[in-house]
Amino acid sequence: MSGHSTYEPKSGFERWLDSRLPIIRFANDTIVTFPTPKNLNYWWTFGGILSLMLGMQIVTGIVLAMHYVPSADGAFNSVQRIMRDVNYGWLIRNLHANGASMFFLAVYMHMFRNLYYGSYKAPREVLWILGCVIYLLMIGTAFFGYVLPWGQMSFHGAVVITNLIGAIPVIGPSVTTWLWGGFAVDNATLNRFFSLHYLLPFMIAGVVGLHIWALHVPGNNNPTGVNVKSAEDTVSFHPYYTVKDGFAISVFLIMYAVFVFFMPDALGDAANYVQANPLVTPQHIVPEWYLLPFYAILRAVPNKLMGVILMFGAIATLFVLPWLDTSKVRSLRYRPTARLYYGIFFLTCIVLGFCGAHSPDDPVIPAISGPQLLDANLNSFVWLSRIAALYYFAYFWVITPLLGLTETPLPVPESISSPVLSHPASAPVGAVASPEKRG
Amino acid sequence: MADTVVGANPDPHASGDDPNRRDFIHIAAGVAAVGLVGGLAWPLINQMNPAGDTLALASIEFDLSKVVEGQQVVVKWRGKPLFVRYRTAKEIAAAIKDDHSDLRDPATDESRHKPGKAQFLILIGTCTHLGCVPTFGGGDYGGWFCPCHGSVYDTSGRIRKGPAPLNLAVPDYSFLSDSKVKVG
Ligand code: HEM
Ligand code: FES
């Protein structure tokens, strides 16, 4: 923990407890008096939202597990029973299913925030890597969870994803059999996926603990990316950020509620309301929206092993990002050129998502037949995903390292407070406001 | 090092590299601990492999007279779809014609059916890309098309286009009589 503790036990009991288990001191230092940069904007509220969503998924999940039957014969019907017969089962399931989407939405906001403000750079590399571990665990948890209702999409999604492992040379096939516990995705697979789906969120909770520990050593980054220089640059977490986080959480919950109550199936796939049938694959296999970009990368490559390597490489790249970025300036506020490439990167991720949702051979622009290039039509989602995947990797491995060496950043303020306080004369509205504007 | 050490333990390495009894105990304890952890880890890992009853999954018998020419029947075998296809003369001819084209996973049509039974093609119906079930009648080669990522197989079940690396697998099977096969 940075700085010393300011906690004063108030009652006799608190003094007694403090010298035995200083847990109130810990809570106080973490969420009450924690010195926080005074300029954090709403992009900093997603950490709190994520913590809430993790709690939400754990609570609703445990309740669902009380009614769910983890067997190939019983799973699908038990979920239907939860929706129709269990008291408030519909509510709990809709909260859990849509909660996963909201969780991913928040984590993507959180991650794009880190990319924009350079929060992954020294001294926050370990914090960032722990975040990437959380993200990986989230993907695992969501994948296992999606198999549980044992609909057509659950089943064939599980088949496709577990078969990815078969691409590993030599050991691949035996690892796949080991994972399945049989010769195909079947009852044994469903049972172990249920067990793992229960386990992983608690591992996430553990890593979140480390994540917050690693946050409290260097403290928060902030929109200027400039280090905290003095007490003048910070405010105490409570009430300033408890209130700001609270407001953001309320807005987020409203959006969540709109999905839960008015369009609970908008983000799901209709094919999952058909019970799993190993003999028929649905016409169009797609993962949930939050995994579509990776799915597009997988399908962009006409070679099984390379496709799998690139897909995992897309996530692995995030882990080494702190060492790919050569720029000394954290925040993109002061890096207009980098901001442009960042904007394209953001769009690229969305484009990859669209590609993942479409059949590879479908035309991107309908009614135009483009020229054939190598194995596919140029006007097809395969080629669009190839271009986008290329940019995805180039952004991290080429643009980010080179840009830091070649660009000229704008002047960076001396401290968080200086743009506002030190130059009252030279800083009328326009001058102060311009660094605030975001590309 | 101080000049005088009172009551010190003898320096274990003072007399050269000879392992003494303390080193021995450390090594022995370490080996025992590793053995114990390994011995416990293996059952914990191996329990996930197919269980005895799964391995013992019976083979199935199938009556080919149920399939008419040009038709395909799909049966479930070891949790997977099994394609039993009664090929037309035209399909067989197309397959033989391509025996020596540029194939990704070269195999003659003859190696993919039992001698004298060219009409019956029995295949495991999982795409060798990522395991979806290909549908018959799609793609440019008159065989199967996989809806998942667009792999195309010909009338012999050989991979011709798309991301899949291998031909559709031929399971172990034998003819019990003229019209009966046993798979597995
Ligand atoms: C369950 C998921 C997660 C939870 C509950 C969580 C929680 C938090 C919280 C409470 C904060 C402090 C407040 C804030 O900055 O918003 C934080 C900061 C941070 N998180 Fe996460 N996080 C999660 C996932 C991730 C992921 C996936 C990444 C990146 C891949 C990440 C990277 C970071 C970084 C770099 C910071 C420090 C940023 C700064 O203070 O500027 N986190 N996280
Ligand atoms: S699973 Fe058949 S093409 Fe991918």
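Which residue in β7(B) is the bridge partner of W144(B)? The partner is Y153(B).

## Basis of the model

This is a predicted model, in which local features need pLDDT of at least 70 and side-chain atom pairs count only at pLDDT 80 or more, whereas totals for chains, interfaces and linings use all residues. Residues are numbered from 1 along each chain as its sequence is written, and side-chain values use heavy atoms, without hydrogens and water.

## Sheet in chain B

Strands (DSSP runs of E, at least two residues) pair if DSSP finds at least two bridges between them. In chain B, 4 strands make an open antiparallel sheet in the order β5-β6-β7-β8. Its edges are β5 (135–136) and β8 (159–161), each pairing on one side only. Strands β6 (residues 142–145) and β7 (residues 152–154) of chain B are joined by 3 bridges.

## Nonpolar cores

A nonpolar core is a set of buried (under 20% relative accessible area, 1.4 Å probe, protein chains only) Ala, Val, Leu, Ile, Met, Phe, Trp, Tyr and Cys residues joined through side-chain atoms within 4.5 Å. The largest has 121 residues; F345(A) and W150(A) are among those touching the most other members. Another core, of 14 residues, lies apart from it and includes V67(B) and I122(B).

## Interface of chains A and B

In contact (heavy atoms within 4.5 Å) are 27 residues of chain A and 27 residues of chain B. The buried area (accessible area lost on being put together, 1.4 Å probe, summed over both parts) is about 2300 Å², with 65% from carbon and sulfur atoms. W178(A), F183(A) and L279(A) lose the most area in chain A, together 31% of what that side buries.

Terms used
Chains are lettered from A and ligands numbered from 1 in the order in which they are written. Buried means under 20% relative accessible area, exposed over 50%, partly exposed in between (1.4 Å probe, protein chains only). Buried area is the accessible area (1.4 Å probe) that two parts lose on being put together, summed over both.
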